Amino acid sequence: PGKGTRMDIYWPRAASPVEEEEEAEAFISGEGISVLVVDDLVDYTDLLTLNLEYHGFNVKAFSEPEKAVSFFSENSGAVDIALVDYMMPGMNGKEVARLLHVLRPDLPIVLLSGYACGITSDNAYENGFSAILEKPVEVELLCRELSKLARPE
């Protein structure tokens, strides 16, 4: 007592050399891309904003669809891509997409939803969306998709 404890741990030798982990994917930069985020869940919108800004995106986020559409009507040229939820009070994501496309038909819009709304990757385009992603979404996947759609090559 009072002198401490010594523990020895012996691990078996690996039968083959341990392979190095694959190199992490390159950092996805959203530098120069302006994203309009529309989701009624304020905490989720804040989290999306933090993650997207970390990757260099310029984010304008709204938790009320009507305010987002109003902002867009005055600033449509300042937005490169929109990211909208489906289930929101007042109007759903499909209605938001329709109004945004009235103002600017070429705007890429990504539906990000956790709700089974009947919109799939097969019918996304005919419903006004360039892509559909399910919540929860990996940040890297989201950034890659936004960059790809905002900067088509």
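Which residues on the other side of α1 are exposed? I found D43, L50 and Y54 there. I keep in mind that this is a predicted model.

Next I looked up the buried residues of α1. They are T45, L48, T49 and L52. Seen down the axis of α1, these fall within an arc of 100 degrees, so they line one face of the helix. I noted their packing partners as β1, β2 (58–62), β3, β4 and α4.

I then checked the length of α1. Its 13 residues should span 18 Å at 1.5 Å a residue, and the end C-alpha atoms are 18 Å apart, which agrees. After α1 comes G56, and its phi is positive, near 95 degrees.

I turned to α4, residues 139–150. The buried residues of α4 are L142, C143, E145, L146 and S147. They pack against β1 (34–38), α1 (42–54), β3 (81–84), β4 (109–113) and β5 (131–134).

Last, I looked up the nonpolar cores. The largest has 22 residues, and L36, L100, I109 and F129 have the most contacts inside it. At least two residues of this core come from each of β1, α2 (65–75), β3, α3 (93–103) and β4. A second, separate core has 18 residues, including V35, L52, L112 and L146.

I also listed contacts of L36, leaving out residues up to four places away in sequence. Among them are K60, F62, F71, I81 and L100.

Notes:
Residues are numbered from 1 along each chain as its sequence is written. This is a predicted model: local features need pLDDT of at least 70, side-chain atom pairs count only at pLDDT 80 or more; totals for chains, interfaces and linings use all residues. Side-chain values use heavy atoms; hydrogens and water are left out. Buried means under 20% relative accessible area, exposed over 50%, partly exposed in between (1.4 Å probe, protein chains only). Helices (H or I, at least four residues) and strands (E, at least two) are DSSP runs, numbered from the N terminus. Contact means heavy atoms within 4.5 Å. The expected span of a helix is 1.5 Å times one less than its number of residues. The arc is that of the directions from the helix axis to the C-beta atoms. A nonpolar core is a set of buried Ala, Val, Leu, Ile, Met, Phe, Trp, Tyr and Cys residues joined through side-chain atoms within 4.5 Å.
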